[in-house]
Amino acid sequence: MESVEFQIEKKIKAKSKGTLFFPDDFSQLGSSESIRKALQRLEEKEIIRRIAQGIYTRPIESKYIGEVLPSAEEVAKGIAKRDRIRIVPTGVYALNALGLSTQVPMKLVFLTDGAPREIKIGKRSIKFKKTTPKNLLAKGEISSLVIQALREIGIDNITPSEEDKIIALLKKENVNLLKQDIELAPIWIQKIMKKAL
């Protein structure tokens, strides 16, 4: 009979480095207490690293910079997948993701239909803010970011060059998704988005 720790280690090593793991991933291997202890021992043996409470990874080793841990963005997506919740980046993070700002936010804020909470990851943090379902209906990856980025910039602050960049980005979006997402945006944002059609 293999120990819980050995079985967990085998499962972790079968996945590629950099993969995120949650205690729930091993629920069929033992009680939550035995899983917690096994993960703790694997962490002590430096087989895995704890990124935040209940979030682990097997770090990627780079010969230049040493250990490479998943980014805060990857952790947020991992949590969303695990909890089966939807998330939409907001604010400065949406601007950065679109290349409209070089500022890398220390706090990533996502709108979600899941539980509101904040998770610390090194020097950065991830905040999930509860929102109405309407704010999460946008289907296009680019168009949903654009709606949030424009909200952050504000109706009176958008520059012609930012608008041109946004329209160029939106032209890469799937047209059907874009048309659908335009309907979800505030009127002033709709006007800008329609220029990409």
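Helix 5 and helix 6 are roughly antiparallel to each other; angles under 35 degrees count as roughly parallel, over 145 as roughly antiparallel, 65 to 115 as roughly perpendicular and the rest as oblique. The model is predicted, so local features need pLDDT of at least 70 and side-chain atom pairs count only at pLDDT 80 or more, while totals for chains, interfaces and linings use all residues. Residues are numbered from 1 along each chain as its sequence is written, and side-chain values use heavy atoms, with hydrogens and water left out.

**The whole chain.** Display the protein as a cartoon: it contains 8 helices and 9 strands. These are DSSP runs numbered from the N terminus (helices: H or I, at least four residues; strands: E, at least two). The C-alpha atoms fill a box of roughly 65 × 40 × 25 Å along the principal axes. Of the 197 residues, 44% count as buried (buried means under 20% relative accessible area, exposed over 50%, partly exposed in between, with a 1.4 Å probe and protein chains only).

**Helix 5 and helix 6.** Select residues 141–153 and 160–170. The two helices pack at an angle of about 165 degrees, with their axes 10 Å apart; axes are lines fitted to C-alpha atoms, for helices over the stretch in contact, and angles run from 0 to 180 degrees between N-to-C directions. Their crossing is left-handed, a term used if the near helix is turned anticlockwise from the far one by less than a right angle, with right-handed for clockwise. Show the side chains of I142, S143, V146, L150 and I153 in helix 5, which meet E162, I166, L169 and L170 in helix 6. By class, this contact has 7 nonpolar residues, 1 polar and 1 charged. Ala, Val, Leu, Ile, Met, Phe, Trp, Tyr, Cys and Pro count as nonpolar, Asp, Glu, Lys and Arg as charged, and the others, Gly among them, as polar.

**The largest core.** Next, select L98, V146, L150, I166, L170 and M193, the residues with the most contacts inside the largest nonpolar core, which has 24 residues. Such a core is a set of buried Ala, Val, Leu, Ile, Met, Phe, Trp, Tyr and Cys residues joined through side-chain atoms within 4.5 Å. Helices 4, 5, 6, 7 and 8 each supply at least two residues of this core, and helix 5 gives the most, with 6 residues. Apart from this core lies another, of 16 residues, among them A52, A72, A76 and F110.

Centre the view on L98. Not counting residues up to four places away in sequence, L98 touches I142, L145, V146, A149 and L169; contact means heavy atoms within 4.5 Å.

**Strand 9.** Move to residues 124–130, where K130 is found. Is K130 buried or exposed? K130 is exposed, with a relative accessible area of 52%. Beyond four places in sequence, K130 touches T112, D113, G114 and P116. S125 also lies in strand 9, but at 5% relative accessibility S125 counts as buried. With the same exclusion of neighbours within four places, S125 is in contact with M106, K107, L108, E118, I119 and K120.

**Helix 1 and helix 2.** Finally, select residues 4–14 and 32–44, two helices that pack at an angle of about 65 degrees with their axes 9 Å apart. The crossing of helix 1 and helix 2 is right-handed. V4, E5, I8, E9 and I12 in helix 1 meet S34, I35, A38, L39, R41 and L42 in helix 2. This contact has 7 nonpolar, 1 polar and 3 charged residues.
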